[in-house]
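Reader: Could you zoom in on the side-chain pairing for me, then on the packing? Please spell out your cut-offs as you go.

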Amino acid sequence: MKKATLRHRAEYTLVVIVRGVVRLLPDVLSRAIGTVIGLTFYAVDRAHRRVAIHQLRAAFPTREPAECRAIARDGRAPFLVTETEY
C-alpha cells in the first residue's frame, strides 16, 4: 500500500472539516453548499471531467456530446450533496 502524501492528508483533513461544519447547518444550506462544491469540482477538475464525459459517450453513443457534458455536470452536484448530508 502506498504511503499517503502530504497533499492527500491535507485534502482528507479539509473534507473532514467541511463535513463537520456542514453537519451543523440546516439541510437547505448544506444542500446548497454541496451543490456549489460539486459544480466547482466539475469546473476545476478537468481530468475527471474528461473521464466522465468519455465514459458517458461510450455508454450512450447515440447521445450528443453536449448532452453527455450536461449529464456529467449535473451528476456531480448531487453526489457531493449526499456527501455533505452524512
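Author: Let's start with Arg 63, which pairs with Glu 67 in a salt bridge, their closest N and O atoms being 3.3 Å apart. A salt bridge here is a side-chain nitrogen of Lys or Arg within 4 Å of a carboxyl oxygen of Asp or Glu. This is a predicted model, where local features need pLDDT of at least 70, side-chain atom pairs need 80 or more, and totals for chains, interfaces and linings use all residues. Numbering runs from 1 along each chain as its sequence is written, and side-chain values use heavy atoms, leaving out hydrogens and water.

Arg 63 is partly exposed at 31% relative accessibility, and Glu 67 is too, at 36%. (Buried means under 20% relative accessible area, exposed over 50%, partly exposed in between, with a 1.4 Å probe and protein chains only.)

The whole structure has 3 salt bridges. Another one joins Asp 74 to Arg 73, again with closest N and O atoms 3.3 Å apart. Asp 74 is partly exposed at 45%, and so is Arg 73, at 34%. Then there's Glu 11 with Arg 7, at 2.9 Å, N to O. Arg 7 counts as exposed at 60%, while Glu 11 is partly exposed at 37%.

Beyond its neighbours within four places in sequence, Ala 72 has contacts (heavy atoms within 4.5 Å) with Tyr 42, Ala 52, Ile 53 and Leu 56.
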